[in-house]
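User: I'm new to this structure and would like a close look at one part of it. Could you take me through the helix with the charged pair, and then show me how it sits among the rest?

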Amino acid sequence: MPKDSYHIVVLPGDGIGPEVISHAQRILRAVESASGVNFDFEEIPCGGHYYLKHEKEWPDGSLDRCRAADAILLGAVGHQVDGKDVFTKPGRPYPTSRLAGYAQVIGNRQNLDLYANVRPIRLYPSVKTKISNQFKEVWNADMIDYVIVRENTEGAYTSETVDLEENGKFVGRGTMIRATRKATERIVRFACNLARDRNQEKRVTCCDKANVIGAHSFFREIFTEIASNEFPDIERDYAYFDAFCQWQLRSPENYDVVVTTNLVGDVISDNGAIAQGGLGFAAGGNIGNDRAMFEPIHGSAPKYTGMNKVNPTACILACNMMLEWLGDKHGDPALTEASKRLDESVAEVWALQKAVTYDQGGSAKGSDVAEAIEEAFLSRYPVSNTKSKS
Ligand code: IPM
Ligand code: MG
């Protein structure tokens, strides 16, 4: 059932996070005015700069606020002082100390059980690939369209760290890499269902390091079991992730849906972003059964803070994933329609090179991109906008 208003918790975070979030919220306000849906935003301060002031990563009760939201929008976390990252307890290793802001990223993924990290690798027409500081059109846009589905709750992202000892002496530290049946089954089902919904090649590639890591060979076994028993219509494909890193740039057109473990997904989604024009276009959804959090995957990029320079497209695309997810979940056609029109608007702005930021070789500001996308979006809504124009 569509809701009268959708409660969105906004976590702007650090660095360029607040800036890209404000551009994206401008687009969400345009969605409200054009399509008639309502968002009720609740902003929660957080991240490394907040930690420095308050000795905690966000106000008490924030996790519950996130739990109660219809969706969460995250900017980026990670703050630096004199070029050094801010850790929660300086000088001590994970998990007793960690980059301040992980409560929002890894904490939310784990505590809210947002088990599928969905990262579309998609190239919009006229977006260039930056290679050795030159901007080239390497691929046709229709060649780059696949989705990485990253297991988001375990793998190497556990706090199971042990001190290693030999003859009673500390010799180093180890981290457990974990793949449980439950988490692996559900991520495989998620990926196979996505391949069905996309209805393209209907192929799922299992990407891992099963030849070396025991937890990954278990992941692969479960993939084979679930995919072959429950999804006979889906073609199964396998890749070791070192080789995959080459193939995803050599022949990206071969992929449809890629299912993978947490750390591998972290690596191959940044590597894959090269083919979509860089991290300025890379958005992600952290999706569970009832909750979801959406974010650009570029991080806080401290050196660009406050310059209105970075490309907000990734954050706007993250919002678009949110619109699509909310539209599906609540059966709200206004949201689904807005999501389609926003996607067309992003495509148009980049195809016509209306506002080109530095990451694409131009000098437009981040706000120029947001403004151009807003204008393209509103122009697709004659209904409520012609009213004020006429
Ligand atoms: C990502 C990021 C995070 C991760 C960091 C910020 C903890 O790199 O979302 O890909 O490693 O998952
Ligand atoms: Mg990453």
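Analyst: Let's start in helix α5 (residues 181–198), where R189 and E185 are four residues apart, which means that about one helical turn separates them. Helices here are DSSP runs of H or I with at least four residues, strands are runs of E with at least two, and both are numbered from the N terminus. R189 and E185 form a salt bridge, with their closest N and O atoms 3.5 Å apart. That term asks for a side-chain nitrogen of Lys or Arg within 4 Å of a carboxyl oxygen of Asp or Glu. Side chains of opposite charge can pair when their charged atoms come close.

Before going on, a word on what you're looking at: this is a predicted model, where local features need pLDDT of at least 70 and side-chain atom pairs count only at pLDDT 80 or more, while totals for chains, interfaces and linings use all residues. Residues are numbered from 1 along each chain as its sequence is written, chains are lettered from A and ligands numbered from 1 in the order in which they are written, and side-chain values use heavy atoms, with hydrogens and water left out.

Back to our pair. E185 is buried, at 17% relative accessible area, whereas R189 is partly exposed, at 29%. Buried means under 20% relative accessible area, exposed means over 50%, and partly exposed is in between (1.4 Å probe, protein chains only). The pair also belongs to a network of salt bridges that links R181, E185, R189, E225 and E230.

How many salt bridges does a search of the whole structure find? It finds 28. One of them joins the side chains of E57 and R98, at 2.6 Å from N to O. E57 lies in the loop between α2 (48–54) and α3 (62–68), and R98 in the loop between β5 (84–85) and α4 (103–111), so this bridge ties together parts that are 41 residues apart in sequence. E57 is buried, with 8% relative accessibility, while R98 is partly exposed, at 27%. E348 and K354 form a salt bridge too, their closest N and O atoms being 3.0 Å apart. Here E348 is partly exposed at 23%, and K354 is partly exposed at 42%.

E55 has a phi near 60°, a positive value in a residue other than glycine. E55 is exposed, at 65% relative accessible area. N167 isn't a glycine either, and has a positive phi of about 50°. You'll find N167 in the loop between β10 and β11 (169–175), exposed at 84% relative accessibility.

Strand β10 (residues 161–166) is where V162 lies. Together with L164 and V171, V162 makes a nonpolar surface patch of about 230 Å². V162 itself is partly exposed, at 46%. Patches are made of residues with over 30% relative accessible area and no salt bridge, with like charges joined within 9 Å and nonpolar side chains (Val, Leu, Ile, Met, Phe, Trp, Tyr) within 5 Å.

Now for the rings. A search of the whole structure finds 10 aromatic pairs. Among them are Y6 and F39, with ring centres 6.5 Å apart and planes at 50°, so the pair is tilted. To pair, rings of Phe, Tyr and Trp (its six-membered ring) need centres within 6.5 Å; planes under 30 degrees apart count as stacked, over 60 as edge-to-face and the rest as tilted. Y6 sits in strand β1 (residues 6–13) and F39 in strand β2 (residues 39–43), so the pair ties together parts 33 residues apart in sequence.

K309 lies over the face of Y358, 4.8 Å from the ring centre, and R341 lies over the face of Y381, at 4.3 Å. To count, NZ of Lys or CZ of Arg must be within 6 Å of the ring centre and within 35 degrees of the ring normal.

Stepping back, the chain has 12 helices and 16 strands. Of its 390 residues, 53% are buried. Along its principal axes, the C-alpha trace spans about 80 × 55 × 50 Å.

Key: Areas by Shrake-Rupley, 256 points an atom, 1.4 Å probe, with all protein chains shown as cover.
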